Amino acid sequence: MEKDTSFLLTGIKFNKKRFAGDFARFKKRKQSNDDGSVDDLSYFKREDTEAENVVVSVNKKRKRKTKAERVEGFSVFKGSDSVPVVINEATEQEENNQKELNRQNERDLRLRKKYGIHVSGNNVPSPLQGFAELSTRYGCESYLLHNLVKLGFKEPTPIQRQAIPVLLSGRECFAKAPTGSGKTLAFVYPMLMKLKQPSKDGIRAVILCHTRELAAQTTRECKKMAKGNKFRIKLMTKELMRNTDFTKLPCDILVSTPRRLQLCICKKKKKIDLSRVEYLVLDESDKLFERSLLEQTDSVVKACSNPSIIRSLFSATLPDFVEDVARTVMHDAVRVIVGDKNAASESIKQKLIFAGSEEGKLLALRQSFAESLNPPMLIFVQSIERAEELYGELKFDSIRVGVIHSNLSQEQRENVIDDFRAGKTWVLIATDVLGRGMDFKGVKCVINYDFPDCAASYIHRIGRSGRAGRIGEAITFYTEDDIPYLRNIANVMIASGCEVPSWLIDMPKKKWKKHYPRRESISTKPKDQEE
Ligand SMILES: Nc1ncnc2c1ncn2[C@@H]1O[C@H](COP(=O)(O)OP(=O)(O)OP(=O)(O)O)[C@@H](O)[C@H]1O
């Protein structure tokens, strides 16, 4: 490949011939493992009796096969007259196998239908009936199951039911599932299971996140899930970049933004070696493929050159172009979609409010605080400048308000997040830097003070509330400038099961380019007093 071409966008196909060995290895991998003994399986709901039946019937199948082999041996001694018996047995065996396969397929279909899981790809592994199957089917180590118990997770979420078996069976995967539906565990857990034990064999897994905040959060989640094992899980911080000889860095899982990792790849001396990476996750993958991050993401994907690498893409939004990239770059990948492709999480009550003007927005906001302030609450605006302006307006009101955007130092950003998590701040004003991936427990309400710039951004922003099955609320202010784009939001609302007034449905659709209208500044000062 030429030096400066994009790896992701050149339509590279996996060379099955060249990697025939790996290909065969994937095929050979067993999906069931009978020796997983965990003391604590009773904690998990025993929905998995069907799965156990499958394991039992697979064993039966094995037994039958042994019988067939014995018959074959017998026929050798007995002479040719026993051959027809062998053929009959073999045919019977094949029929039974086929019947069992059909039954399994039906069970899979039923389970996928129940949880709104849609899959495409060859031989997609069966979804999980429950967490206990991680042990019975995949021999998951008991410390990992104990960690699930400690985290209070009783049942897998739909994306976890399907994506975990896909990744455990060594398949690449691109997945879309609603915000707050546990995608992090869906990619971290199989990674920990596959890595098995810590090793000093260079960097073994990489998780790319679009912001430092998300990278820090994902590192923390990884550590929680890996507790009890001595995996080296590292966050790519400025200090690490500055002070580390990457040629000597033992690291099982590295979590980073694409920019920081690219800088380490391009270092002249002691640069990072990603050629042994076995697992690569692109979280918020559609964001990573946007123009601003594409080049950096591309260099990381290219540097992860291990031919048997397992790559996966996760997001709550999966535009067609990301699917196209996934299909060209990935090998025999499985596509997993949970719910409707253009929907937001169904647990969020979505409202649109016509605020008339910029002044109207501020009035409406203050009025809603006066009627019922329901913290913690996030307010999204379209720019750094507007975030500061709104903060300037609200900081003297009797609410605890904070602000976050990319012009703050790393330390300031960390402090703002810590204060919000700790409940010291009730209302956090943010730009889209916080619009994706961040998991703040119990955010009750998201206000889109400024209309989002695209449908995906709407879905991610409002998805900061209504997480892990909790109820959330999303209020979106709009002015005349935003009216042409209302229909696009209405589509998301309809797809997520919200009621939408008929006049909105009748509006014409407008192709949504990035929507950043020039807005009047946020201020209650009379115009002649503004600086
Ligand atoms: N099986 C489970 N049962 C209950 N809660 C879970 C389960 N799995 C994950 N969670 C919790 O759900 C919350 C949301 O998970 P996570 O942040 O992974 O969502 P996500 O799908 O990545 O969302 P987003 O698209 O916004 O990034 C977290 O607080 C997590 O601890």
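This is a predicted model: local features need pLDDT of at least 70, side-chain atom pairs count only at pLDDT 80 or more; totals for chains, interfaces and linings use all residues.
Lysine 271 counts as partly exposed because its relative accessibility is 43%; the label covers values between buried, under 20% relative accessible area, and exposed, over 50%, with a 1.4 Å probe and protein chains only. Lysine 271 sits in the loop between helix H10 (258–266) and strand E6 (279–283), where helices (H or I, at least four residues) and strands (E, at least two) are DSSP runs numbered from the N terminus.

Residues are numbered from 1 along each chain as its sequence is written, and side-chain values use heavy atoms, with hydrogens and water left out.

Leucine 195, in helix H7 (residues 183–195), counts as buried because its relative accessibility is 2%. Its C-alpha lies 39 Å from that of threonine 425, a residue 230 positions away along the chain.

Helix H17 (residues 455–462) is mostly covered, with six of its eight residues buried. These are Ser457, Tyr458, Ile459, His460, Arg461 and Ile462.

Now for the ligand. There are 20 residues around the ligand, and Gly180, Lys183, Thr184, Asp439 and Arg464 come nearest; a residue is near if one of its heavy atoms lies within 4 Å of the molecule. By class, this shell holds five nonpolar, eight polar and seven charged residues. Here Ala, Val, Leu, Ile, Met, Phe, Trp, Tyr, Cys and Pro count as nonpolar, Asp, Glu, Lys and Arg as charged, and the others, Gly among them, as polar.

A backbone N or O atom of glutamate 155 is 2.9 Å from a ligand nitrogen, and one of glycine 182 is 3.2 Å from a ligand oxygen. The side chain of lysine 441 places an N or O atom 3.3 Å from an oxygen atom of the ligand. On its own the ligand has 640 Å² of accessible area, of which the protein covers 89%, by the Shrake-Rupley method with a 1.4 Å probe.

Technical notes
A polar contact is a pair of N or O atoms within 3.5 Å; within protein, one must be able to donate a hydrogen and the other to accept it, and residues adjacent in sequence count only if both atoms are side-chain atoms.
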